[in-house]
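Here is a short note to read beside the model. Please keep the structure open as you go through the points.

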Amino acid sequence: MGRSPCCDKAAVKRGPWTEEEDARLRSYIERHGGSAAGGWMALPRKAGLRRCGKSCRLRWLNYLRPGVRHGGFSPEEDRVIC
């Protein structure tokens, strides 16, 4: 049994995201919000992306969302952690 697949695996692009895909995803979310009108599963079709909805959600949350920081900890953060 199990769950049905979230998308058609044959029609979905896999691998690294391009700058164009990032720009499309960022633009769509800025205009419509992350889970607006149909949720993440409908977002790739509406935004013109050949990606899975889960992939779009994870890309937004972990890389493109404003406020996401990448890199090392500040000295203050190191003190708090230790």
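**Helix packing and salt bridges**

1. Helix α1 passes α2 in a right-handed crossing. A crossing is right-handed if the near helix is turned clockwise from the far one by less than a right angle, and left-handed if anticlockwise. Helices here are DSSP runs (H or I, at least four residues), numbered from the N terminus.

2. Please note the basis. This is a predicted model, where local features need pLDDT of at least 70, side-chain atom pairs count only at pLDDT 80 or more, and totals for chains, interfaces and linings use all residues. Residues are numbered from 1 along each chain as its sequence is written, and side-chain values use heavy atoms, with hydrogens and water left out.

3. At what angle do α1 and α2 pack? The angle is about 115°, and the axes are 10 Å apart. Axes are lines fitted to C-alpha atoms over the stretch in contact, and angles run from 0 to 180 degrees between N-to-C directions. So α1 is roughly perpendicular to α2, a label for angles of 65 to 115 degrees. Helix α2 covers residues 39-47.

4. Which residues make the contact? From α1 come R24, L25, Y28 and I29; from α2 come W40, L43, K46 and A47. Contact means heavy atoms within 4.5 Å. Six of these residues are nonpolar, none is polar and two are charged. Ala, Val, Leu, Ile, Met, Phe, Trp, Tyr, Cys and Pro count as nonpolar, Asp, Glu, Lys and Arg as charged, and the others, Gly among them, as polar.

5. Now the charged pairs. A salt bridge is a side-chain nitrogen of Lys or Arg within 4 Å of a carboxyl oxygen of Asp or Glu. The count is six. One of them joins R59 and D22, at 2.9 Å from N to O. R59 sits in helix α3 (residues 53-64) and D22 in α1 (residues 19-32), so the pair ties together parts 37 residues apart in sequence. Both R59 and D22 are buried (under 20% relative accessible area, with exposed over 50% and partly exposed in between, for a 1.4 Å probe and protein chains only).

6. R69 and E77 also form a salt bridge, at 2.9 Å from N to O. R69 is exposed at 58% relative accessible area. E77 is partly exposed at 23%.

7. E76 and R79 pair at 2.5 Å, N to O. They are three residues apart in helix α4 (residues 75-81), so about one helical turn separates them. E76 is partly exposed at 44%, and R79 is exposed at 55%. Elsewhere, salt bridges with shared partners link K13, E21 and R51 into one network.

How values were computed:
Helix = DSSP H or I, 4+ residues; strand = E, 2+ residues; numbered from the N terminus. Parallel < 35°, antiparallel > 145°, perpendicular 65-115°, else oblique.
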